[in-house]
Amino acid sequence: MFADGLLLSLVIWTPILGGALVLFAGDREPSGARKIALAVSIATFVLSIPLYTQFNTDTHLLQFVERNSWIPAFNIEYFIGIDGISMPLILLTSFTTIIVIISSWEVIQYRVSQYMAAFLFMEGFMIGTFSALDSILFFMFFEAMLVPMFLVIGIWGGANRIYATIKFFLYTFIGSVLMLVALIYMYSKTGSFSILDFHLLRLTMTEQILIFLAFLVAFAVKVPMWPVHTWLPDAHVEAPTGGSVILAAIMLKVGGYGFLRFSLPITPDASAELDWLIITMSLTAVVYIGFVALVQRDMKKLIAYSSIAHMGFVTLGFFIVFRIMDGDSSATGSALALEGGMVQMISHGFISAAMFLCVGVIYDRMHSREIADYGGVVNTMPVFAAFMVFFAMANAGLPGTSGFVGEFMVILASFRASFWIAFLAATILILGAAYTLWMIKRVIFGEIANDNVRALTDINNREILYLGILAVAILALGLWPYPLVEVMHPTIENLLNHISQSKL
Amino acid sequence: MSEFIQPNLLPALPEIVMLAMICLVLVVDLFLPQEKRGFTLLLSVATLVLTIIAIVAVAPSDSISSFGGSFVLDQMAVVLKIATCGLSILVFIYSRDYLIDHDIYKGEYYVLGLCATLGMMIMISGHSFLLIYLGLELLSLSLYAMIAFNRNSAIASEAAMKYFVLGAMASGLLLYGISIFYGITGTLNIEQLAGVVPQTMKENPVALSFALTFIVVGISFKLGAVPFHMWVPDIYQGAPTSVTLFIGTVPKIAGFAMAIRLLVDGLSDLQAEWSQMLIVLAVASLAIGNIIAIAQTNFKRLLAYSTISHIGFILLGILPGTDTGFAAAMFYTIVYAITSSVAFGVLLLLNRKGFEAENINDLSGLNESNPWIAALLAIAMLSMAGVPPTVGFYAKLSVLQAVIQVDMVWLAVIAVLFTVIGLFYYLRVIKVMYFDKPEPDQLPTIKQSLDVKILLSANGLSLIGLGIFPSALMGYCILAFS
């Protein structure tokens, strides 16, 4: 067990220490900073692979556990471990960070070492968030990751970056402080900050509802759910490409992960009581935000709104389970919903990363995100156009890509709850196709719109490399999602079992 | 009363050492030419180091009292005195370059600073109304002089005058409260007072509440809690930055000790009453401090309003009346003092001859010219905002925990919501340093005093170090109240 826990700690702290190293290496030799950063991110990824290969898929119990006393005065522990929910997200994080570092290789010329260090710090903090089993440890990582992202948007962002980044920080912070109060409240009941102890804590309905709402504010802002989503389009539009990728691919997942780790198991009765709220918010995100995405003129904004709609699917999958359990005693339907939400999170991690990287590629050449400035890109950048069309199809949920799997699972599960919920949810397939493909039509196809487009050069090997890796990942997950579902299945079963028992 | 009992002088050894050394510094400084003024600084720092050694040497495992019970040395006093002296060392060293540049590099500055520190140590150990008052006055009188230290500055003289008038009024209020207590209980000794309060509560509750109100007002005045905060921003702004650094850090520790000695050691039976008053003061301080700070353009004023909001948090820790709460407030106070010493320390570094850095805009582009110093200030700002993994987070966590423990969740919610408002202006400082581009000729320049930089770096990194390993300091604070 010791070696196991040590491995997980290494995965958390390697990027953080590596980030400090890059920071102190300084900007005298930018290429050195890039190389160290790449080496650190690859090392982290390599270290994280055994988390998958040595993962025991027969048990829901926590694995790779390390547990040490940390702040005895408050019984706060350095308590980490992973299960089937967190492990895929950790791999997604270490994978995406490599992509981001490769993608920023030539693009970022200003204060390279600080930029690279920020992403390495974020990687460590995010992996820490997914591994933490002590709620204060979780909270520490949860908040700490805001700081590098704040700086990334603020220093390397677009024209309106300061507004966007302060909005981003404040929105997330206001959500999380209420969660902190809820955590301390539960500590005053249990005498421990361990999330596992919280899972077993009996709470009255009033307590559950208040705690549930505190968590909801924290995680809904992070996901983000309608109506607290407004920071996301701003942040995405202003962030540099790497920032957008990390934000969409991983940071949003922290919110979804929080629902599974905190809201559902700690307040199952309140979750069942208030599931209509989440379902309404999720469906609004899918339908209303889908229409909003349709009318965007800015590509990054469009993808940002598309992210909100897709994340609406995740929360729908997580909270539809109570309706399914009401109608159907067998757990297969509800397991399908939760697993669908999880698959959707991983898949959205790949697809949104790919979409933002594609926009980044043409933005670097034209310095415009306006759809109207483009047209006929396929004529000058055929290889790029192939990639972008493929990713757009995945975003629209084309069968065979990962985008289809998660959405299909959630829709299928929703049918067991209510036809109308499933019907509204399924509009994402139409709306998603509409806004994504319409954008593709205007940007990629058609006549060459202007001289700037005529002067475009196709993507280089470095860009082919990272887009190619993502394309493979999206296809692989779309064609054979079984390894992912297999990993999370025992954990999901256990979670369902846990939430079906009242804690009143 | 007929025979004189020799008091046990040992518990007061640190104070005695310090007083002796102050006299030495004063005399030695007389004979030093201006270019050797550094020796005075050295001697002053040596004084503080010797005092710390003396504190550690006499540190008791249990509480001991002397001078007829009016002087007490307990775990809390030991920790707070070490913090006081340690932070004073930082203040003295950070101030040096500023004083040289402003032609006020004089020995009296350090002598006054040492006197103020001595006053604070007496406040921390005082266990009689009279002794606490004497310590307070020693502190205040030294501070008045320090604020007016730059004779040629009109704004500093105005600040000193304002502080003097308001401070005198606060002392008067405190004294009035003390005199009523003396009148109804017949004692000035805090331990004896605690003994007779329950009886007096039955006989004369109105007079007791009346007196308590004046004591609370006096304490709030000295701490700068709303609505007795009006002096804080003006003094912070008007005083020379090196003195602001001193006022903004160390005296908060003494103020906390005074609150504990009077309210907790002496009047814990009236907890139900003073905790009501502290709730109002705390919420008002959090609200006014955080909201008005948003509108500030002067960095010193911003920190002043930030101080007011932090005082709100410290009061939040005291008001539950539990040991965990006192320990949390003590932890918060020490952490706050360390954090603000970093913030003011950076501001001092930005000053140079003929240029007084005090506006937030003076920080713009600091990341460009000096990323390391910018990072230190950013850490300090995040720590003040309570963002983990800085130590400010644990300070807030422990206070909130104490508040929630006594079922005042609503108070905790109010506190965290104002923290979010507070975050906004701390972020603005970071924004100015990292995102704004200054005019090329106005890049902030940093003097290259290596010792100051090393010390400041250690000080700034300690905010992260303590944030990752807060156990030791937290353990001392808990030990002080168990």
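## Surface patch and chain contact

In this predicted model, A:Phe415, A:Phe419, A:Trp420, A:Phe423 and A:Leu424 make a nonpolar surface patch of about 540 Å². Helix H20 of chain A, residues 419–443, gives the most to this patch, with four residues. A:Phe423, one of the patch residues, is found in helix H20 of chain A.

The rest of this report concerns the interface of chain B and chain A. The size of an interface is often given as the accessible area lost when the parts come together. Here the area buried between chain B and chain A is about 3400 Å². The table lists the values for this interface.

| Item | Value |
|---|---|
| Residues from chain B in the contact | 39 residues |
| Residues from chain A in the contact | 36 residues |
| Share of the buried area from carbon and sulfur atoms | 82% |
| Salt bridges between chain B and chain A | zero salt bridges |
| Polar contacts between chain B and chain A, both residues at pLDDT 80 or more | seven residue pairs |

Which elements give two or more residues to the side of chain B that touches chain A? They are helices H14 (366–369), H15 (371–385), H16 (391–405), H17 (409–434), H18 (450–468) and H19 (471–480) of chain B. H17(B) provides the largest share of this side, 13 residues. By residue type, the side of chain B that touches chain A divides into 29 nonpolar, six polar and four charged residues.

How values were computed:
Residues numbered from 1 in each chain as written. Chains lettered and ligands numbered in written order. Predicted model: local features only at pLDDT ≥ 70, side-chain atom pairs only at ≥ 80, totals over all residues. Heavy atoms only, no water. Contact = heavy atoms within 4.5 Å. Buried area = accessible area lost by both parts, 1.4 Å probe. Salt bridge = Lys/Arg side-chain N within 4 Å of Asp/Glu carboxyl O. Polar contact = N/O pair within 3.5 Å; in protein donor to acceptor, adjacent residues only side chain to side chain. Nonpolar A, V, L, I, M, F, W, Y, C, P; charged D, E, K, R; others polar. Patch = residues over 30% accessible without salt bridge, like charges linked within 9 Å, V, L, I, M, F, W, Y side chains within 5 Å. Areas by Shrake-Rupley, 256 points an atom, 1.4 Å probe, with all protein chains shown as cover.
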